[in-house]
Amino acid sequence: MTSLRWMILVCFSLISVIGTGESLTPIEPSKTVAPSSLAAIIAGMSKPIADLNASYNKLLAQKKGISCPCSASVIQACNNQRNLLNRGLISCGSQLSSANAQRSSLQQQVNVLNSQLISANVQRSSLQQQVNVLNSQLRSEIAQKTSLQQQVNVLNSQLSSANAQIKSLQQEVTVLRSQLSSGRKLPQNPIIAKYQNLGWPYFRGSLYYVSTTTANWQNSRDDCLSKGADLVVINDAAENNFVRGFQRKAWVGLYKSGSTWIWVDGRILSPSVSYWAPREPNNVGNREDRVELQRYNEFNSWNDEPWTTNNYWICEKKVV
Ligand SMILES: [Ca+2]
Ligand SMILES: [Ca+2]
């Protein structure tokens with residue numbers, strides 16, 4: 001009986017050692033155990049013993065599971081593969097180092113190119129500024145050329161008129177010479193006669209025309225030129241009084257070039273032969289660059305006026 005109880009205790013101890021995880025209540029040895037109690041204890045051991053067997057079988061299964069299933073040839077193959085992979089790894093490392101070196105070199109090239117790009121942009125900016133300056137100069141020169149061309153056109157127009165007058169005078173000279181050589185009495189100047197017949201009044205060597213319509217300064221002058229004359233040049237007080245007698249607010253042949261007043265025959269206005277109205281010329285709007293006979297009832301009668309104003313006009317044709 002005592003040995004049986006010790007066997008049970010050993011079993012309990014084994015269960016604890018192999019770690020079934022189940023806890024059993026240890027049975028203290030007793031010197032006085034009744035046979036019925038012992039039978040009950042044995043009966044109560046059935047389940048722990050069954051559990052113990054299950055744990056044993058489980059451990060056996062685990063032991064089989066952790067045993068190496070690989071043969072030597074498989075291990076050798078694995079080692080070969082590992083060596084192969086290691087060599088590949090070394091090769092990759094070498095390529096990586098080479099690629100890093102190339103990347104570093106390329107980065108340096110990129111830095112150099114960026115530096116060159118910055119320098120090129122600075123040069124481009126400088127060149128653009130020079131281009132802007134040159135364009136500005138070009139526009140200014142074109143404007144000057146246009147202005148000069150306009151002046152040339154005016155001068156050409158004056159030249160044409162002068163040439164026409166010269167030709168007319170030459171014809172008159174030819175006629176007069178012919179008459180002189182024939183000993184005939186000189187008739188009245190045919191030019192004076194011709195224009196007086198057209199209604200042009202004569203005054204001290206000039207013939208005059210007063211328009212019956214109005215036009216701007218340039219068109220007025222063009223009309224005079226087409227008649228073999230030009231806008232009137234007022235040479236003195238007597239002539240100023242004469243043209244005032246027409247009682248017309250009319251253009252005369254005086255215009256401004258820059259800040260200088262010039263007559264259409266090219267002479268600069270003399271301050272001593274100027275008959276400006278009070279507070280004139282006042283250049284209103286900074287665009288009054290032509291002269292009209294405005295206050296014709298007053299001796300000081302001139303006014304500066306924009307060339308676009310429509311006025312009557314007075315032509316003068318010198319014949320002496
Ligand atoms: Ca005159
Ligand atoms: Ca004025």
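Predicted model: local features only at pLDDT ≥ 70, side-chain atom pairs only at ≥ 80, totals over all residues.

User: Let's start with Pro271. Why is Pro271 called exposed?

Analyst: Count the C-beta atoms around it: Pro271 has 8 others within 10 Å. The cut-off for exposed is 12 or fewer, so with 8 Pro271 gets that label. It sits in the loop between β5 (260-263) and β6 (290-293).

User: What about Arg279 and Asn286, what makes Arg279 exposed and what makes Asn286 exposed?

Analyst: The reasoning goes the same way, because exposed means 12 or fewer neighbours. Arg279 has 7 C-beta neighbours inside 10 Å, so it counts as exposed. Asn286 has 6, so it counts as exposed too. Arg279 is in the loop between β5 and β6, and Asn286 is placed in that loop as well.

User: What is said about the backbone of Arg279?

Analyst: Arg279 has a positive phi of about 65°, although it isn't a glycine. Asn286 isn't a glycine either, and has a positive phi of about 55°. In that β5 to β6 loop you'll also find Pro281, and the peptide bond from Glu280 to Pro281 is cis, with omega near -5°.

User: How do you know that β4 pairs with β5?

Analyst: Count the bridges: 4 of them join β4 (residues 250-257) to β5. A pair needs at least two, so β4 and β5 pass, and they run antiparallel. For one example, Tyr255 has Ile262 of β5 as its bridge partner. The two strands form a hairpin with 2 residues between them, and Gly258 in the turn has a positive phi of about 65°.

User: Which strands does β6 pair with?

Analyst: β6 pairs with β4 in the antiparallel sense over 3 bridges, and 4 bridges join β6 to β7 (residues 302-305), again antiparallel. Both counts reach the at least two bridges that a pair needs, so both are pairs. Among the partners, Ala250 bridges to Leu293 in β6, while Val291 bridges to Asp304 in β7.

User: What makes you say both faces of β6 are covered?

Analyst: Look at each side in turn: Arg290 and Glu292 are buried on one, and Val291 and Leu293 are buried on the other. Buried takes 20 or more other C-beta atoms within 10 Å. β5 has one covered face, Trp261 and Trp263, and an uncovered one, Thr260 and Ile262.

User: Why are the buried residues of α6 said to line one face?

Analyst: In helix α6 (residues 217-226), the buried ones are Trp217, Ser220, Arg221, Cys224 and Leu225. Seen down the axis of α6, they fall within an arc of 140°, so they line one face of the helix. An α-helix has 3.6 residues a turn, so residues three or four places apart point the same way. Just after α6, Gly228 takes a positive phi of about 80°.

User: And for the whole chain, what share of the residues is buried?

Analyst: Buried residues make up 14% of the 320 in the protein chain. As for contacts with a separation of 6 or more, 62% are between residues 24 or more positions apart.

Notes: Residues numbered from 1 in each chain as written. Chains lettered and ligands numbered in written order. Contact = placed C-beta atoms within 7 Å. Arc of directions from axis to C-beta.
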